[in-house]
Amino acid sequence: MKQLSRTHTVLLLTFLVIVWGVNWPLSKIALSYTPPLLFAGIRTILGGLILLIFALPRYKSLRFKETWHFYLISAFFNIILFYGLQTVGLGYAPAGLFSAIVFIEPVLLGIFCWIWLGESMYRLKMIGLILGFAGVAIISASGFTGDISVIGIILALGSALGWGLGTVYVKKTGERVDSIWMVTIQLIMGGLFLLSAGSSFESWSNIQWEMPFIVNLLFISTFVIAFGWLAFFTLVGSGEASKVGSFTFLIPLIAILCSSFLLHENITLNLVVGLLFIVISILFVNIKLKSVTADSGVYNKNV
């Protein structure tokens, strides 16, 4: 995939940070109208159908018989695990706190990119990884005293793991599949699975088709899922995956502020300190080094 211009990159990142930040409280609000798995399935399928409009003119690039397994694996990590666990997990924890735990993902991404994509690993990055996990531990500490559901913490970590693995997989297979078709098909495949699971364990009659829910659903499906994922994978495909991940630390900040305003969620000391650790860790993990001299331990930084 070709490199993006600086202006294009800034615009995509700004859009992504804003819509993915407000997604968390909006999703929490939507869950008061609908069961979680059905909601996850409906919004991802709608997002996929919206993107299908843009993908169809590129039908020659689909090559489904050759590439279906790429779409299926990506759908498992990025949709079934990420959105499935996320949507269920929001029922067990405040939206702001849940998003803060999920956004350990850029730190996990740093590890996965080192293992599978050959991106560099150095002392500062290792310190960053330790700080990131410490931040999650601080945020999650209340879960073991009964203030926060341990299930919610586990589901948030599972969501982050699915997203991190899915991002690396998309980056690794980016040259073999069309980016728009990748996002479109994974949304439809994953959405169908979540909808099937929801139909098996939940009741459609429990969905309250009221105007606030419909507006919320359409906004999330269009901007958060369809165009949000397209923007994310466009950015990932144009540069180092872990570098793109470094900018996503702003998302939980927006999520926490919006959740405090819209849902009146408390901003606790544990949350602030833990999030600060995660932000510092992400910055450390994604600092670009001009040169790394492993033997002498000398590092020249170029942020």
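## Contacts and overall make-up

In this predicted model, residues 24 or more positions apart account for 88% of the contacts in the chain with a separation of 6 or more. The chain contains twelve helices and two strands. Along the sequence, these elements follow the order α-α-α-α-α-α-α-α-α-α-α-α-β-β.

Of the 303 residues in the chain, 53% are buried. The accessible surface amounts to about 13,600 Å², and carbon and sulfur atoms contribute 70% of that area.

## The largest nonpolar core

The largest nonpolar core comprises 86 residues, and Trp20, Trp24 and Trp229 are the members that touch the most others within it. Helix H9 (residues 211-238) gives the most to this core, supplying 13 residues.

Leaving aside residues up to four places away in sequence, Trp229 touches Trp20, Asn78, Phe82, Tyr83, Trp163, Val183, Gln186, Leu187 and Val224. Several of these names return in an aromatic cluster, which is formed by Trp20, Phe82, Tyr83, Trp163, Trp229 and Phe232.

## Aromatic pairs

A pair of aromatic rings is described by the distance of the centres and the angle of the planes. The chain holds 19 aromatic pairs. One of them joins Trp24 and Phe98 in a tilted arrangement, with 6.0 Å from centre to centre and 45° between the planes. Trp24 belongs to helix H1 (residues 6-30) and Phe98 to helix H4 (residues 95-102), so this pair ties together parts that lie 74 residues apart in sequence. Trp24 has a relative accessibility of 2% and therefore counts as buried, the cut-off being under 20%. Phe98 is likewise buried, with a relative accessible area of 0%.

Phe82 and Trp163 form another tilted pair, at 5.0 Å centre to centre and with 35° between the planes. Because Phe82 lies in helix H3 (residues 64-89) and Trp163 in helix H7 (residues 150-172), the pair ties together parts that are 81 residues apart in sequence. Both Phe82 and Trp163 are buried.

Terms used. Residues are numbered from 1 along each chain as its sequence is written. This is a predicted model: local features need pLDDT of at least 70, side-chain atom pairs count only at pLDDT 80 or more; totals for chains, interfaces and linings use all residues. Side-chain values use heavy atoms; hydrogens and water are left out. A nonpolar core is a set of buried Ala, Val, Leu, Ile, Met, Phe, Trp, Tyr and Cys residues joined through side-chain atoms within 4.5 Å. Buried means under 20% relative accessible area, exposed over 50%, partly exposed in between (1.4 Å probe, protein chains only). Helices (H or I, at least four residues) and strands (E, at least two) are DSSP runs, numbered from the N terminus. Contact means heavy atoms within 4.5 Å. Accessible areas come from the Shrake-Rupley method with a 1.4 Å probe; for residues, only the protein chains shown count as cover. Rings of Phe, Tyr and Trp (its six-membered ring) pair if their centres lie within 6.5 Å; planes under 30 degrees apart count as stacked, over 60 as edge-to-face and the rest as tilted.
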